[in-house]
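Entries follow in the order I made them.

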Amino acid sequence: MKLGTLDVGTNTVLMLVAERDATGAVHQLADFARITRLGRGVDASGRLDPESAAQTLAAITEFAQKARDLGAEKIVGAATATLRDVHDGADFIAQVKANAGIDLEVITGETEAELSYLAVTKGLQLDPAAKLLIVDIGGGSTELIRAEPGRKLDLVSLQIGSVRLTERHVHHDPPTAAEAAELRLAVDEMLQDLGWEFTPDVMVGVAGTVATVCAVTLGLATYDSKIVHGHHLSHEEVMATLVRLGCIALAERKSLPGLEPARADVIFAGTAILERIMAHFHQNEVVVSDQGVRWGLLWRTLDQLSTSST
């Protein structure tokens, strides 16, 4: 069976196409990504930016056609922080249905966290006895998942993300010291309010922001999932990359190996979120996973299909 899974985020549209063979093994056929910045201006206006919405719709429509060309029999789509927050989300969802033939599910932050947990536990070889912290830094929100043996999953979605915090706190290029301090403080206050007294054995960072920080740190001229996925990134390396990003102007950031130019304006805030979470939870390293919500959707859908067929 061939499936397509779509993740419509605040910053990026992602589409995974995969096949489950007769033995039950899953093989990736394609993985499409485009930065469309659906969440541009949403924090201030509460409405979608027409140009960003049009670019996002075009990407979804194109990816859906590519998935069907590859033989996808079913496409499942999820939308995250931006479409949770806006007043005109229903109109956009109707356009996705009309143009791409996809029923886009606006998932809660808790469901987003559960899908990230599913992607991590299926996609990485982790010690099942370890206390685990999974972090998914998106454009509009950041999901934290606390997983400990014998304890129910703790899931939380915080209203801090790379796009949201950039729009709130960064008004100079490069950021001023005061702006950088305000941004870090905003993250620290959110984490303090969370009230988790918890020191994980392993921290995993999921999806685009963390994978990008890893690629920049390693200086990858061409992104390679085989290098990034499963890589252990130290707190010292994250801090060095944060300092580097904060010292150079946007034009120079756009040319850094490992950094997509369209992500260059928000990567400083995303890296700051990662660094403050590592510091707050006393983590010397983070394990990188580039398999986020779209992979969680895949595993969830395959499980549902298996259950319904028995």
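At roughly what angle do the axes of helix 6 and helix 12 cross? The model is predicted, and in it I find that these two axes come within 8 Å and cross at roughly 110 degrees.

I then listed the contact. Ser162, Leu165 and Thr166 come from helix 6, and they meet Ala269, Gly270 and Ile273 of helix 12. By class I note 3 nonpolar and 3 polar residues there, with no charged ones.

Next, cavities. My search of the whole structure gave 1 cavity of 30 Å³ or more, and the largest cavity has a volume of about 70 Å³. Helix 1, helix 3 and helix 6 each give two or more residues to its lining. Among the lining residues I noted Asp43, Asp85, Arg164 and Glu167. The class count for this lining is 3 nonpolar, 5 polar and 4 charged.

Last, pockets. The largest pocket holds about 830 Å³ of space. I count 41 residues in its lining, and Leu14, Ala207, Gly208, Arg263 and Arg294 lie nearest the centre. Elements that supply at least two lining residues include strand 2, strand 3, helix 8 and helix 13. By class I get 13 nonpolar, 19 polar and 9 charged residues.

For the second largest pocket I have a volume of about 200 Å³. Its lining includes Tyr117, Leu124, Pro128 and Val202, and divides into 9 nonpolar, 1 polar and 2 charged residues.

Technical notes. Residues are numbered from 1 along each chain as its sequence is written. This is a predicted model: local features need pLDDT of at least 70, side-chain atom pairs count only at pLDDT 80 or more; totals for chains, interfaces and linings use all residues. Side-chain values use heavy atoms; hydrogens and water are left out. On a 1 Å grid over the protein atoms alone, a cavity is a set of points where a 1.4 Å probe fits but cannot get out, and a pocket is an open set with protein on both sides within 12 Å along at least five of seven lines; lining residues have an atom within 4 Å of a point. Grid points are joined across faces, edges and corners, and a volume is the space filled by probe spheres set on the points. Helices (H or I, at least four residues) and strands (E, at least two) are DSSP runs, numbered from the N terminus. Ala, Val, Leu, Ile, Met, Phe, Trp, Tyr, Cys and Pro count as nonpolar, Asp, Glu, Lys and Arg as charged, and the others, Gly among them, as polar. Axes are lines fitted to C-alpha atoms, for helices over the stretch in contact, and angles run from 0 to 180 degrees between N-to-C directions. Contact means heavy atoms within 4.5 Å.
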